[in-house]
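Here are a few friendly notes to read alongside the model. Keep the structure open and find each part as you go.

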Amino acid sequence: MKNKSVNRRDFFRLSAAAGAGAMIAPASAASALRTTTESKANDFPIRTLGRTGMKLPILSMGVMRADNPNVVRAAYNSGITHFDTAHGYQNGRNEEMLGNFFKDKPRNSFSIATKGKFQYPLKDSFEQDYTALLDLSLKRLQMDYVELFFTHALEKPEEVTGERIINCLKKFKADGKVKYLGFSTHALKPELIHAGIDAGVYDVILLSYNFKLKNLKETEEAIARGVKAGVGFIAMKTMTGAVEDTEGKKKINAQACLKWAWENENIATIIPGFTNFDELDECLAAANNPALSASEKDYLAMLCDKEMLFCQRCGKCSEECAEHLPVSELMRAYMYAYGYKYASLSKETLLELNLPDAKNLCRSCAGNCKVKCSSGFDVAAKIAAITPILEVPDMLLT
Ligand code: SF4
Ligand code: SF4
């Protein structure tokens, strides 16, 4: 199939032709781009997101790390219609950027997912706090409602099934602030998917899904059960940390990773977190030709046995660690910094762990780490390499 994506050269040319002369295209330039690329949505396969009935291109945008509205514009003008953000991304600036970008776009030409975290066990003020969180997200987005609202980064089944949580979510929907409900999870636990299906309230589950998963069979069985029950599935972390080595120097073949995930037709769409035009072009090229080739299959098979940056969340380390550290979360913080090169998210992840004396972890073991990581990570070395980020002022972090 012919790749009709807007590449960076075309983007600059079109912006200049429209009189922008720079990366920031005013409304007139955006119109020119839109006219030129209007039909591109038809180039992507479209899948239905469970019982929401939403028809989405298989490629969506994880806006998380993007801070250039022109990348959002290029994605939108290329036919991407679904944009995923969260209350906490870039301290709210991510939602604000989307709000400013979409304020003059037809509301039925795009859909937005945002997410909100809560502390568990719940505080007495949970309902009030969580409603204020959603209201602030809507204010930043300059919208009356979002299509999808996810409780964010759930780890335990009780965070999925908690009655107060579910009642609060139902009220969001009844108040018209949210069209459909869901939760997101990095936990790689099929039991969370089953809990979500059984709860009956979640229309969509956003989950980590990639070729490195060791519990792939159980995960895919849970997804298939969810699809039968009407739940829609969106995939993230398909690129397993964005690099194929442990040092974070060699970029992974993003197209192969995306195509692998699309092979599962139960995945409605994927939200890769592209941040620039080249990365967008790679994603578009994959979406326009989504069949996984034999050489791409071989490439991924080769990576399956290789140590990379993706933690399997098997939990083995939490029992072995002498200080009972949340090692898998620390490994996630490491992946954000060394894989995605997203240092601010790495620091945010570390701060959320509320570790006492976080700058001095592992001292009691003095070079004698007890953890035998099932992915082969030298977890003590990675912890030593990531915790200094806590000392770096936010303004210096990417
Ligand atoms: S043992 Fe390794 S792969 Fe398993 S959760 Fe811990 S760090 Fe992750
Ligand atoms: S060195 Fe290993 S066992 Fe000791 S605290 Fe660190 S991660 Fe845990």
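1. Let's start with the ligand. Please keep in mind that this is a predicted model. Helix α16 (residues 379–386) supplies the largest share of the shell around ligand 2, namely three residues. In total, 13 residues surround ligand 2.

2. What classes of residue make up the shell around ligand 2? Eleven are nonpolar and two are charged, while no polar residue takes part.

3. Next, look for the largest nonpolar core, which has 115 residues. Those with the most contacts inside this core are Val-204, Ile-205, Phe-233, Ala-235, Tyr-334 and Val-379. Helix α14 (residues 327–338) gives the most to the core, with nine residues. Where does this core lie? It lies between domain 1 (8–17 + 27–301) and domain 2 (316–396), because both of them give residues to it. As background, nonpolar side chains tend to be buried together in soluble globular proteins.

4. Zoom in on Tyr-334 now. Leaving aside residues up to four places away in sequence, Tyr-334 touches Leu-309, Lys-382, Ala-385 and Ile-386.

5. Finally, visit helix α3 (residues 69–77). Eight of its nine residues are buried, so this helix is largely enclosed by the rest of the structure. The buried residues of α3 include Asn-70, Arg-73 and Asn-77, and also Val-71, Val-72, Ala-74, Ala-75 and Tyr-76. After α3 comes Gly-79, with a positive phi near 105 degrees.

How values were computed
Residues are numbered from 1 along each chain as its sequence is written. Chains are lettered from A and ligands numbered from 1 in the order in which they are written. This is a predicted model: local features need pLDDT of at least 70, side-chain atom pairs count only at pLDDT 80 or more; totals for chains, interfaces and linings use all residues. A nonpolar core is a set of buried Ala, Val, Leu, Ile, Met, Phe, Trp, Tyr and Cys residues joined through C-beta atoms within 7 Å. A residue is buried if 20 or more other C-beta atoms lie within 10 Å of its own, exposed if 12 or fewer, and partly exposed in between; C-beta atoms are placed from the backbone. Helices (H or I, at least four residues) and strands (E, at least two) are DSSP runs, numbered from the N terminus. Domain bounds come from an automatic or database domain assignment. Two residues are in contact if their C-beta atoms, placed from the backbone, lie within 7 Å. A residue is near a molecule or strand if its C-beta atom, placed from the backbone, lies within 6 Å of it. Ala, Val, Leu, Ile, Met, Phe, Trp, Tyr, Cys and Pro count as nonpolar, Asp, Glu, Lys and Arg as charged, and the others, Gly among them, as polar.
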